[in-house]
There are 2 protein chains.
Amino acid sequence: MQSRTVEQHVFDAVSARHDEIIEAVRNLVRIPSVVGSEQTAQKYMADLYRNLPLSVVTLEPDADKLRQLSGYVPGPVPYAGRCNIIATLKGTGGGCSLILNGHCDVVSPEPLDAWTYDPWGAKIDGDRLYGRGAGDMKAGLIANFFALKSILDAGIALNGDVTLQSVIDEEAGGGGGTLACLNAGYTADAMICTEPHSLQVSIAHVGAAFFRIRVTGRSSHIGQAHLSVSAIEKMYPVIQVIRQLDEERARTVHHPLFERTINRSCHLGIGTMRAGDWPATVAGSAEIEGRISFIPGETREAVQKKLEDEVHAAAMKDHWLRAHPPVVEWIGVQTEPWYQDPDHPFVQTFRHAAQDALGQPVFLEGRKAACDARFAASFGMPAACTGPIAGNVHGADEWVDIPSVIATTQVLAKTILRWCGYK
Amino acid sequence: MQSRTVEQHVFDAVSARHDEIIEAVRNLVRIPSVVGSEQTAQKYMADLYRNLPLSVVTLEPDADKLRQLSGYVPGPVPYAGRCNIIATLKGTGGGCSLILNGHCDVVSPEPLDAWTYDPWGAKIDGDRLYGRGAGDMKAGLIANFFALKSILDAGIALNGDVTLQSVIDEEAGGGGGTLACLNAGYTADAMICTEPHSLQVSIAHVGAAFFRIRVTGRSSHIGQAHLSVSAIEKMYPVIQVIRQLDEERARTVHHPLFERTINRSCHLGIGTMRAGDWPATVAGSAEIEGRISFIPGETREAVQKKLEDEVHAAAMKDHWLRAHPPVVEWIGVQTEPWYQDPDHPFVQTFRHAAQDALGQPVFLEGRKAACDARFAASFGMPAACTGPIAGNVHGADEWVDIPSVIATTQVLAKTILRWCGYK
């Protein structure tokens, strides 16, 4: 067959498997797999992989090895019994190799009462499939498998090796998942992560640093409130300075890849606040937690120091805070930005395959949230992401757009054919 | 003996019992008795009472009866198995009767790491005895007992009945404690509550209403923060309006009894704030809890409406809050102010006895926190409070001043002699 005919044949084969693909996504969404509890989902993925002539291995992360690697993020749950699944197709030789990577772990669906749909129900309503992980990223993980299956079932022999990775721990930073797989030697000439990236091709994401800021007041019974110092009120200068620094960075920090859709490259903001423990006791301490993101070219150290300096400067303007300075800590997730050279042949191949499969322009984008693609750079691998259209990711009533799941599978199949080559 | 000699004899007898009294306070402080877990402390009190020729009864509150009473505050813990102890001395006749009331329940010592001393250690350091409840109000409860014991051990026969009440549930509003005792018929011609009122005589306290205010924002991943609405930031106009209303009320709401020591009659303030649940997710909701206090002459309904109106008016000035108005709820403690006519003969007797016992002026005061004395008014009883000097009440390292515990006992003994009469 001619290339064009082969690609069309596989494209049609994917379309014909529509119901089978979506049913597999639903099966996987129905398996709760929050970080730390991924193994039932991983068994499902391993069973799928064993339907194809792949060599399937399981890999339990080794914390001692991993914590020495740059970019490692320690997760909240020990690794014992939590395995990554790696399934490799040996090519016939002479082509480039490719990893199709996806994570099966999801974030908590709490608060449950915010959901209209059962987070583990995989309910279909119109073009949308609802559930925790439907978009982020069980649909992409299933698309990886069916892209390869559609090629192999058509009797096509690929030249390059293809490796399917179903990993754990991405939502906790990826240290025990993709980083563990790459560090164990499961690398290739390129890697795709099928995050829910709206059928675009992503080649960059921000770095992020989580912080906690504590402010101390002076507690008392509220019947003496005017003789005490409310930590809630004293937190406000800090919140204001964060708002101002966010606005300043929005004006001055620009990276073209990040600005196409929402005209912003980075964010600084607060997610939580906790203060006090009784309505009638003036809060003696208050604590906020938030995240600052930064673009390729900025260093985490400089960004962190800028935030600390601004909070310090705000404190100097307040009599109480000058004597009781806010304490800034860097907690949990601390990740570097990721930037993939757009001129790499893999990126070009991927983008053109996507455009041809979708019949519409595909843009190179940067993303506002980190994903496992950043680990590829440490191993000298080009990487890029694509994936379906999704909404309410990490929120209530998360959904994935069903036609875009099929389209993602087609994009992946076409990319495999062109990048790996075939006979 | 002449009156003067009898009183001096009892005064000296109390002094002579210094170590015994303080050791009893320490024993009681060492028994943790947070609201709902009062029974070990109550057994200790009942055993003490049985050392005197008193009729001792236990009274388990009946929620069904109590909730129909005005002023009832439902507590957080069911009443089953939680008993009040009531010990009555029958007088020889012809005198006025008196209740000496105290509560054995205390508030939680959390956060424990804020304490220098063990909250249940009853450590003495200089003139201070440290521990949760040392001031509020185990010392007063013990003083009640030893005032009566010092009289009876001196062989003095009182004309009027004296009732000792060791009650539960005061910190939760008093519904299951003092209110239950009075409603069961254990009333008298006057009542003293021995709260830690710095050796003054208190005849009024503020009313208080606890509130919760919720603000809704629009949540999102923080990577889209500028398209979302932070509930933490939207809470600030509410906090500001509370601050302004507090300042306005400080200027305009005055009651002479409340202003002697700290020049303030009432307070409006916030104790707690909770918002968001992940550092990298813009908080979709925020909630504050606080308390407004108000003076005799104000009605709770009017004060509550004023707060609601001001919050509403602030919301109208903000585009988002206008469409998503803050929700004000009245939660938990809702108590009325208490005001005892200072010209009542009991108040005069009490104040003069206190001045004579202490050898210094004693002032009539109002207090910024509610106590069980307010229940007396519903039963037509005059009431007043006195008690030792204490600090850090409801906070870490609560303490009571030891000499003032002995002085309180002497004030009480002198008051009993004068009010009840004796032979």
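Me: What makes the two copies related as by a two-fold rotation axis?

Reply: In this predicted model, chain B can be laid on chain A with an RMSD of 0.1 Å by a turn of 180 degrees, with a shift of 0.2 Å along the axis. The two copies are thus related as by a two-fold rotation axis. In chain B, the C-alpha nearest that axis belongs to Arg274(B) and lies 2.4 Å from it.

Me: How do you know that the same surface serves both copies?

Reply: Contact requires heavy atoms within 4.5 Å, and 95% of the contact residues of chain B recur in chain A.

Me: Why is strand E3 of chain A called mostly covered?

Reply: A residue counts as buried under 20% relative accessible area, and six of the six residues in E3(A), residues 98-103, are buried. Both faces are covered, with Leu98(A), Leu100(A) and Gly102(A) buried on one side and Ile99(A), Asn101(A) and His103(A) buried on the other.

Me: How do you know that E3(A) pairs with E7(A), and in which sense?

Reply: Pairing asks for at least two bridges, and E3(A) is joined to E7(A), residues 191-193, by three bridges in the parallel sense; Ile99(A) has Met191(A) as its bridge partner there.

Me: What joins E3(A) to strand E6 of chain A?

Reply: Six bridges link E3(A) to E6(A), residues 162-167, and these strands run parallel. Against the requirement of at least two bridges, E3(A) and E6(A) therefore count as paired, and the partner of Asn101(A) in E6(A) is Gln165(A).

Note on methods:
Residues are numbered from 1 along each chain as its sequence is written. Chains are lettered from A and ligands numbered from 1 in the order in which they are written. This is a predicted model: local features need pLDDT of at least 70, side-chain atom pairs count only at pLDDT 80 or more; totals for chains, interfaces and linings use all residues. Side-chain values use heavy atoms; hydrogens and water are left out. Copies are superposed by least squares on the C-alpha atoms of residues with pLDDT of at least 70 in both. Buried means under 20% relative accessible area, exposed over 50%, partly exposed in between (1.4 Å probe, protein chains only). Helices (H or I, at least four residues) and strands (E, at least two) are DSSP runs, numbered from the N terminus.
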